[in-house]
Amino acid sequence: MTSASLPARVQQLGSPTRRPGSGKAKTTLVPYGYLTPTMVLLVVLMVIPIVMVISYSLMDNVIMKKNPQFVAFKHYSDILTSESFWTAVTNTLFFTGVSVIAHLVIGLAFAMMLNTGLLGNRTKAIFRTIYVLPWLFTVAIIAVLWRLLLEPNGVVNYLLMAGHLTGTQVEWLSQPETALFAVTFINIWSGYPFYMTSLLAGLQGIPADYYEAAQVDGASPWQRFTSITLPQLKPIIISMALLDFIWTTQQFALIWMTTGGGPLGTTEMLSTYTYKLAFSKYQFGTASAAAVIVLVISMILAFFYVRAQKARD
Amino acid sequence: MRKKYLAGIAAVAAAALAMTGCTGGGTAPSASSGGDVTLEFAQWWEPELPAGSLRALMDQFESQNPGIKVKLISGPYASTKEQVIAGAAAGTMSDVVGLDGAWVNDFVKQGSLANLSDLMKSANFDESQLAAQVKLNGSTYMIPVANFVYPMFVNEDLLKTANVAKVPSNRTEFAAAAAAITKTGKASGWVLPLDTATPNGIQNDVMSWVWASGGSMLKDGQPNLAGNAEVKDVMTFIKGMYDAGSIAKGTFTMKEQDKVNEFTNGRVGMMIDSLAHVNLIREQNKDLKFSVAAIPAADGYSGKRGMPYASWGIGVAGNSKHPAEAFKLVSFLMGKDVNATLCNSAHAFPGNTQSVPDFVNADPIFKQAFEIYQAGTATNEFTGLPVAEDLMRSFDEQFQKYLAGKQSADEALTASQSAWESSFKG
């Protein structure tokens with residue numbers, strides 16, 4: 001930015017002719033004064049904890065030992081050669097990948113439904129309220145609600161049995177074959193409204209002229225969707241998918257309160273794996289190393305998110 | 001001028017934030033002006049007791065000990081545990097802490113608990129009045145203040161419907177009763193919570209069967225699982241009921257509260273549970289007819305029966321600046337009358353052998369349980385073990401694989417032995 005583009009008042013503030021000598025130093029420091037509260041918050045809440053966790057990951061079981069020894073990358077090699085870590089990685093990838101795709105598909109479908117001109121405003125308002133409901137519940141409520149619904153004596157089994165869709169009570173969260181699908185389903189249910197509301201805002205921003213012109217040119221509804229709707233929503237979709245990917249990889253509370261990583265480790269995620277290392281095994285060094293690995297993965301994803309944001313701007 | 005003010009405000013805000021950042025989280029014990037000592041007492045007991053009852057005891061302590069004030073730091077069990085771990089690491093642990101026996105070994109290793117044997121000696125405290133002490137390397141680090149035993153709960157109506165004439169007292173009778181209840185189609189015979197997030201089902205609902213028949217999972221304080229016939233018998237016994245469908249469904253991710261819910265709602269005939277839940281069950285289902293009994297033993301066993309228990313234990317922080325005053329609070333809570341009052345409020349059995357809480361004689365179920373408690377031995381082999389919760393979890397994982405038919409009992413025991421040995425080595 002050149003000085004010519006600065007507002008007059010800012011130029012005046014930065015003018016060296018106003019107060020020669022010490023005045024220059026003061027005016028140079030003023031912006032830093034404004035930035036200080038934010039900088040202090042960032043240092044206290046972000047930089048210090050991150051640096052501490054990284055340093056913990058290089059020490060021989062900090063916290064539980066008074067004089068921990070430096071062990072370099074031992075914890076990292078222990079984790080990367082651990083079978084349970086890779087099980088957690090695989091489960092996390094499945095849980096996250098399926099959740100993000102389903103969130104997008106369901107969110108987009110509902111957003112398009114709420115944006116259609118075929119429904120009246122009142123009907124849309126009712127559906128908007130219903131569709132957004134899962135987003136209003138906290139994770140604890142969602143976990144309790146679905147535990148009750150999916151328990152062997154729960155409503156889901158009752159309906160399935162009443163409809164003769166199953167002959168026995170299915171242990172949705174307790175059977176190794178169904179548990180990962182069940183928690184993924186719960187996560188999809190609780191997360192799609194975020195996409196829906198954001199995509200709805202995006203849809204409402206697409207000029208109607210585009211669709212009218214396409215219709216005049218004889219484009220089918222599918223062609224309009226793939227050639228106008230999706231390209232127009234692409235920046236929002238990329239940003240949200242990346243954000244959702246980051247958030248879902250870190251999902252802990254839902255897993256902990258529904259399955260705790262079981263049965264037989266089929267729902268063990270990186271988050272529950274790390275928690276158990278820290279608060280069950282008290283291996284804070286190893287847990288810190290696992291946390292750093294998750295941090296690196298998140299940072300890579302965050303890099304792509306920022307790049308997508310820049311491209312959008 | 002305005003710019004200067006703004007810069008000044010920003011600087012002050014920054015300084016304030018920096019100070020908040022530097023001082024936040026410190027909970028060091030303090031001596032207030034005038035020479036008074038303020039003790040911090042971190043525990044999870046206050047939320048579980050009738051409102052105001054623990055504070056009333058603290059007021060009584062303060063009036064008996066002028067110059068000592070007690071600040072209660074209360075929270076749920078899980079957050080107390082995390083708070084104590086963090087406090088121990090940062091050297092800001094409260095002077096007096098509520099402890100679970102499962103935490104003691106790790107805290108002692110960490111050097112965060114004071115040696116109570118030394119404090120008892122300095123205070124001329126009579127140890128003989130204590131029902132139990134949790135010792136490591138010959139020294140006491142935790143004293144159980146209140147004990148919650150885990151007898152067997154029986155739904156009398158379901159037993160009657162299933163034509164089971166008497167409450168089972170051995171494993172064969174138990175398996176038969178469980179099968180009979182399940183056969184009625186109205187409920188499951190037994191309930192077994194094996195959720196790995198809170199794996200205490202291994203302690204309360206699995207190992208309790210071993211202890212009830214005088215068995216042990218340890219030998220000379222070390223893991224003894226591989227080739228342990230007593231533990232294997234229990235595993236085989238439970239697997240038999242699991243395969244027969246006598247255990248309520250959802251066992252692999254079932255939590256303790258689910259177990260109590262299932263029993264309270266009449267969906268299971270029998271469970272092993274804490275006596276602390278008696279009032280809860282009564283409040284939630286006034287019509288439920290139930291009784292308590294000793295956990296059935298192996299057929300033909302006639303020795304003393306072990307009964308699992310959980311304790312509200314107490315300890316003193318290694319970093320306390322006022323250990324003598326802190327121990328005064330410990331000895332106050334262990335006193336005959338105060339201990340009886342506290343246990344009466346908690347519906348727990350006392351840590352002082354001379355205390356007899358009123359509820360023990362006033363209520364038939366508690367009376368029955370107290371008789372079982374006195375006739376048997378309160379046993380919890382996980383108390384004092386390193387990473388006790390993780391030991392339960394690793395056994396739980398192997399046990400689930402065994403129940404699911406993915407490995408044999410011997411394989412599960414060998415794998416658990418190996419996991420436990422590496423945990424013991426630290």
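**View 1. Two domains of chain A.** The C-alpha centres of domain 1 and domain 2 of chain A sit 40 Å apart. Domain 1 covers 3–56 and domain 2 covers 74–312, with bounds that come from an automatic or database domain assignment. Keep in mind that this is a predicted model, where local features need pLDDT of at least 70, side-chain atom pairs count only at pLDDT 80 or more, and totals for chains, interfaces and linings use all residues. Residues are numbered from 1 along each chain as its sequence is written, while chains are lettered from A and ligands numbered from 1 in the order in which they are written.

**View 2. Where chain A touches chain B.** Chain A brings 31 residues to the contact and chain B brings 32; two residues are in contact if their C-beta atoms, placed from the backbone, lie within 7 Å. On the chain A side, helix α2 (residues 22–56) gives the most, with 8 residues. Helices here are DSSP runs of H or I, at least four residues, numbered from the N terminus. Sorted by class, that side of chain A has 16 nonpolar, 11 polar and 4 charged residues. Nonpolar means Ala, Val, Leu, Ile, Met, Phe, Trp, Tyr, Cys and Pro, charged means Asp, Glu, Lys and Arg, and the others, Gly among them, are polar.

**View 3. The loop between α11 and α12 of chain A.** Pro263(A) lies in this loop, between α11 (253–258) and α12 (270–279). The peptide bond leading from Gly262(A) to Pro263(A) is cis, with omega near -10°. Leu264(A) is in the loop between α11 and α12 too, and its phi is near 55°, a positive value in a residue other than glycine. Leu264(A) counts as buried because 20 other C-beta atoms lie within 10 Å (the cut-off is 20 or more, with C-beta atoms placed from the backbone; 12 or fewer is exposed, and in between is partly exposed).

Conventions
Helix = DSSP H or I, 4+ residues; strand = E, 2+ residues; numbered from the N terminus.
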